[in-house]
Each structure stands twice: as C-alpha cells, then as structure tokens.
Amino acid sequence: MTSDASNTTGPPKPPAPSGSLASGSPASGSLTDVAGLRVGHATRAGGGWLTGTTVVLASEGGAVAAVDVRGGGPGTRETDALDPRNLVQHVEAVVLTGGSAYGLDSASGVVAWLEERGRGVRVGPDPSHVVPVVPAACVFDLGRGGDFRARPDAATGRAAAEAAARTAPFAPVEEGGVGAGTGAVVGGFKGGVGSASVRLDSGITVAALVVANAAGSAVDPATGVLYGRYFEGRRVDYPAPEKHEEAKRRLAEAAAENGPPPLNTTLAVVATDATLTKAQAQKLAGTSHDGMARAVRPVHLLNDGDTVFALSTGGHTLAADRPLALNEILAAGADAVTAAIVRAMLAADSVKTPGGSFPAYLDLYGNQ
C-alpha cells in the first residue's frame with residue numbers, strides 16, 4: 001500500500017489548527033500536517049512489556065532526509081547514509097523505537113515491508129531490485145515493563161509500518177504512551193510521544209514528532225511548570241505551592257521505589273513541505289535541537305542519545321535569491337520540538353509495572 005499524497009504537490013492543505021497564530025506560533029497540529037507523511041505505532045504493554053515502535057512513512061518516492069545526533073550515547077542505524085556528502089537522496093521511512101540497541105531490529109521489519117512494495121533505492125534493472133534505506137534511532141526503556149528481554153523486533157516494526165499505511169492523509173498523530181513512547185520516562189515523570197506543527201505566513205508547514213525519554217527533566221523544580229511552557233508566548237499558570245510540594249513528595253517516593261534514575265533518550269522527527277536540499281535539511285535537524293534544550297534540562301548528556309531527523313517532502317520552493325528564507329523554517333522547527341515535548345508530557349498517563357512506578361505530569365499537577 002502506498003500513500004495517495006504526492007511528495008511534490010500533495011493534496012490541499014488542511015485548515016490551520018485551532019489556536020495557531022498568523023505569525024506561525026506552534027499550534028495543536030501534528031507531524032502529519034506536512035503533506036505526504038503518515039505515522040503508525042506498534043505498542044506492547046502488559047505481561048512484562050512496556051515498549052513499542054513508531055514509523056514515520058513518506059509518500060512513495062520518499063523524502064529528503066538528514067540527521068543531527070547530539071547525545072553522548074546514541075543508538076542509531078543508517079544515519080551515515082543521510083550525510084549530505086553521500087549518495088542516498090531520499091528515504092521512504094524513519095523508525096523510532098524502544099528497546100535500546102536491541103530495538104533497532106524493528107527497522108528490519110520496515111525494510112522488508114518496503115521491499116515487498118518495490119520501494120527503496122533502485123539497484124538493478126528489475127523494479128523489485130531495491131534497497132530500502134530506513135534510518136532508525138532508539139530510546140532506552142529496557143525492563144520498565146518488568147521483563148528486560150521484552151523489546152521490539154522486526155515484527156513490531158512491520159506492524160508500525162502497516163499501521164502508518166492504513167492512516168488517512170493528515171490523520172492526527174496518536175500521542176502519549178504509544179509506539180516508541182510506550183516506556184518513555186522523563187526525569188521520573190512518564191514521558192511519551194508528542195507532536196505539534198507551525199504554519200508560516202508563507203504557507204509552509206513545519207512540524208515535529210518527539211519521543212520524550214530523557215535523563216534530564218521537563219519540569220522546572222522551582223515552580224513545577226513544564227520548561228516548554230515558558231516559550232509559548234502566553235501567561236504561565238504556576239501550580240499552587242502546596243500542590244508543587246505534594247508533587248515533589250510523590251515523585252521522590254516513586255524515584256526511591258524505582259532505584260537508579262531513568263536513562264535516555266529524546267528523539268525527534270522534524271518535517272516541512274518546503275523543498276530543501278540535504279544540506280539544508282541537516283541544518284534544520286541541528287537547529288531543532290534548540291527546541292529540545294528549551295524543554296528538557298539538562299540535555300545532550302553522555303547517557304542520552306538525543307537525535308533529530310529532518311524530512312523535506314517538497315511542494316514549496318524557496319527562492320534561490322533569498323537564501324535567508326530558510327531561517328524562518330529553522331526557527332519554526334525548534335518551536336515545534338519544544339511544543340511537541342510539552343504535548344508528550346501532557347498526553348502521558350501514569351504507569352505502574354513490576355519495573356517501576358512512573359507518575360504522569362497531569363496526575364501530579366493538573367493542566368497548568
């Protein structure tokens with residue numbers, strides 16, 4: 001099955017998400033507001049499991065792709081192929097997965113699914129002679145469901161790809177404890193998947209999907225406010241002091257029960273329907289890390305594998321005589337990542353398993 005949304009022209013734009021501003025501030029959209037992209041999750045929870053895989057699927061023919069890795073402990077696959085100096089120009093899918101390095105096996109299932117459909121880099125005279133290049137990155141969630149050996153495999157990746165292919169164009173991304181965010185934890189709080197989009201005045205869409213799973217925290221310890229809230233351009237609602245103290249107490253109890261602090265990583269896919277070169281996409285991936293640094297502190301540690309992929313599906317050509325036109329896309333990418341991390345934290349549900357107790361932000365603070 002292939003997408004019916006072309007990666008060059010695409011179907012008509014969906015209406016701007018409610019709450020978006022004319023200036024292009026982050027709104028309540030999804031990565032799939034970028035024409036041609038679909039997202040599917042495969043989730044395993046219960047019976048020792050708390051993990052999963054998320055696939056970002058491009059239209060047939062793929063999307064220009066790049067990557068920027070800044071964490072000190074990354075787990076990735078096929079990221080060298082995205083270097084602008086190298087041959088591959090387009091990828092058909094990106095895989096985000098739980099299971100640490102073991103979970104990278106999920107990309108094999110996506111590769112097989114794409115090969116069966118003749119999608120990939122053509123390497124022979126027959127249309128079936130393709131090699132799908134599927135970049136992937138993983139988060140650490142081993143043992144959080146209770147069974148250290150319960151982690152995604154090739155079948156999980158295939159299930160996520162099939163789920164993505166079944167979705168309609170522009171279908172909103174499911175958020176929270178799903179897919180690669182199923183076992184995600186951020187500084188002791190339950191993490192997960194979040195997504196957001198920005199519509200620029202030029203008509204270009206920039207969007208992000210994150211898997212928030214950091215060694216650092218997304219919550220200001222002095223106030224209880226999500227760090228990303230400080231960048232929303234509106235008045236910040238601070239929790240009552242007594243609620244903040246109670247939340248800190250409950251979080252400390254959970255941390256004592258869980259043992260060592262949670263491990264890594266925050267992942268993101270940032271996408272745009274602007275037509276970018278691989279070098280421009282790599283710049284977008286790099287500056288989008290700024291959005292991560294606003295929403296998680298500390299970030300990019302040695303035990304994080306923080307990674308941002310950038311995708312360009314095309315449709316809006318940047319004027320060749322205006323090289324600085326890329327700047328608004330770079331700024332929007334960072335804004336979308338910050339907003340998506342906030343969304344991930346607000347969409348998470350508390351989870352208690354044999355592997356630990358992970359309270360959700362809303363259960364401790366409410367929607368500030």
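Which residues form one aromatic cluster? Phe189, Tyr361 and Tyr365 do.

1. Basis. This is a predicted model, in which local features need pLDDT of at least 70 and side-chain atom pairs count only at pLDDT 80 or more, while totals for chains, interfaces and linings use all residues. Residues are numbered from 1 along each chain as its sequence is written, and side-chain values use heavy atoms, with hydrogens and water left out.

2. Phe189 and Tyr361. There are three aromatic pairs in the structure. Rings of Phe, Tyr and Trp (its six-membered ring) pair if their centres lie within 6.5 Å; planes under 30 degrees apart are stacked, over 60 edge-to-face, and the rest tilted. The ring centres of Phe189 and Tyr361 are 6.0 Å apart with planes at 50 degrees, so this pair is tilted. Phe189 belongs to strand 11 (residues 189–190) and Tyr361 to helix 7 (residues 361–365), so the pair ties together parts 172 residues apart in sequence. Helices (H or I, at least four residues) and strands (E, at least two) are DSSP runs, numbered from the N terminus.

3. Tyr361 and Tyr365. Tyr361 also pairs with Tyr365; this pair is stacked, at 4.9 Å centre to centre and 25 degrees between the planes. Both residues lie in helix 7, four residues apart, about one turn of the helix.

4. Buried means under 20% relative accessible area, exposed over 50%, and partly exposed in between (1.4 Å probe, protein chains only). Phe189 is buried at 2%, Tyr361 is buried at 1%, and Tyr365 is buried too.

5. Charges over rings. A charge sits over a ring if NZ of Lys or CZ of Arg is within 6 Å of the ring centre and within 35 degrees of the ring normal. Arg44 lies over the face of Trp49, 3.7 Å from the ring centre. Arg297 lies over the face of Tyr227, at 4.6 Å.

6. Thr266. This residue is in the loop between helix 4 (241–258) and strand 14 (267–275). Thr266 is buried, with a relative accessible area of 1%. Contact means heavy atoms within 4.5 Å. Leaving aside neighbours within four places in sequence, Thr266 is in contact with Val211, Ala212, Asn213, Ala214, Met292, Asp306, Thr307 and Ile341.
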